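User: I would like to know what stands behind the labels used for this protein. Please set each value against its definition.

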Amino acid sequence: MSTRIDGVVLLDKPAGMSSQGAVTAVKRVFNAEKAGHTGTLDPMATGLLPICLGEATKYSQDLLEADKTYIAQVKFGSRTDTGDAEGLTIEELPLPAFENGAALQKALDALLRKFSGPITQVPPMYSALKRDGKPLYEYARAGVELERTPREITIHKIRWTSINWPEATLEVTCSKGTYIRVLAEDIGNALGCGAHLVGLRRTEVGHLSLEQSFTIESIQNALHDSSSYILPVDALLQTLPHLTVDEQQAKRLEMGQRVPLNLPSIEALVRIYRATAAPHNFIGTADWRSGVLHPKRLISQAH
């Protein structure tokens with residue numbers, strides 16, 4: 001029988017495992033009633049995959065919206081049908097000649113200026129985006145190419161961390177909805193020799209980092225007490241301002257009632273903790289508007 005477990009597991013997803021497969025594996029280890037992830041990682045990719053258990057699933061959307069950081073290995077000189085190493089090579093192109101390493105570095109650095117800040121990207125055919133209820137990758141596998149609308153994304157930070165020509169490694173911090181495969185292809189096209197992704201590792205999701213994560217093996221082998229793998233539900237919401245309410249106010253919010261509350265200045269969205277006897281007992285999120293606190297997403301207190 002499954003048990004009620006609320007919290008967040010930061011998984012270092014291995015290559016070859018789907019995001020849903022990772023969720024299923026973690027759910028099984030903890031025998032949890034409910035589990036979900038906060039945005040997929042391609043099977044080829046490794047790295048940070050926050051997995052929400054129980055009541056934490058209510059807040060997974062908050063991390064879907066968060067910025068993400070990746071380490072991406074790009075190989076120049078060839079293009080694949082998927083934009084990464086899992087696809088079939090569709091074109092081999094001659095590599096540009098550079099006098100020396102300094103000239104190569106200069107050319108690659110100059111490229112990145114075109115891919116900084118707000119840019120547009122055409123989503124890849126090999127993606128889970130849906131058209132008429134069917135994911136695009138199903139059309140792609142059937143050899144059908146559909147027109148896709150370019151989407152606006154933001155590249156907050158981008159830099160080369162190493163160059164081992166014809167491969168180079170990028171560190172990218174970007175907005176939600178960014179396809180690193182497409183970024184690699186677009187950089188290759190801008191250099192005139194094509195490129196595809198040969199490695200991808202996600203190191204940050206919002207304020208959460210890979211350093212806090214665990215491998216699936218260590219979780220399955222229970223190398224530590226199970227509670228050491230599970231962060232509290234509000235670990236997802238650490239960037240929101242913190243507000244403490246008293247027990248009576250907490251009860252009203254839990255019943256879906258609004259609470260009059262005078263605050264001098266506060267951001268529109270606040271985290272709420274139940275105060276008094278248990279000052280750090282997270283109860284949910286709420287909007288504060290014109291002197292009134294409105295319950296937004298509350299966790300179930302019933303066990």
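Predicted model: local features only at pLDDT ≥ 70, side-chain atom pairs only at ≥ 80, totals over all residues.

Analyst: Residues are numbered from 1 along each chain as its sequence is written, and side-chain values use heavy atoms, with hydrogens and water left out.

User: What makes up the secondary structure of the protein?
Analyst: Seven helices and 20 strands. Helices are DSSP runs of H or I with at least four residues, strands are runs of E with at least two, and both are numbered from the N terminus.

User: Why is S218 called buried?
Analyst: Buried means under 20% relative accessible area, exposed means over 50%, and partly exposed lies in between (1.4 Å probe, protein chains only). S218 has 12% relative accessibility, so it counts as buried. The residue is found in helix α6, residues 216-220. Of the 303 residues of the protein, 46% carry the label buried.

User: What makes the pair of T215 and S218 a polar contact?
Analyst: A polar contact is a pair of N or O atoms within 3.5 Å; within protein, one must be able to donate a hydrogen and the other to accept it, and residues adjacent in sequence count only if both atoms are side-chain atoms. Here the backbone oxygen of T215 and a polar atom of the S218 side chain are 3.1 Å apart.

User: How do you know that D42 is an active site?
Analyst: The label comes from UniProt, where an unreviewed entry places the feature "active site" at D42. Such annotations may be inferred rather than shown by experiment; positions are given in the numbering used here and feature names are shortened. The model itself puts D42 in the loop between β2 (35-37) and β3 (46-53).

User: Which residues are in contact with D42, leaving aside its neighbours within four places in sequence?
Analyst: They are K13, D84 and R181. Contact means heavy atoms within 4.5 Å.

User: What makes H294 a buried residue?
Analyst: Its relative accessible area is 14%, so H294 is buried. H294 lies in strand β20, residues 292-298. Beyond neighbours within four places in sequence, H294 is in contact with R258, A286, D287 and R289.

User: Why does G77 count as buried?
Analyst: The relative accessibility of G77 is 6%, and therefore G77 is buried. G77 sits in the loop between β4 (68-76) and β5 (78-80). Its contacts, with neighbours within four places set aside, include E91, L93 and C193. The C-alpha atoms of G77 and G188 are separated by 7.7 Å, although the two residues are 111 apart along the chain.

User: Why is D132 called exposed?
Analyst: Its relative accessible area is 74%, so D132 is exposed. D132 is placed in the loop between β8 (130-131) and β9 (134-135). Its phi is positive, about 55 degrees, although D132 is not a glycine.

User: Why is N31 called partly exposed?
Analyst: The relative accessibility of N31 is 36%, so it counts as partly exposed. N31 also has a positive phi of about 55 degrees without being a glycine, and it lies in the loop between α1 (19-30) and β2.

User: Which peptide bond is cis?
Analyst: The bond from W165 to P166, with omega near 10 degrees. P166 is in the loop between β10 (151-164) and β11 (167-174).
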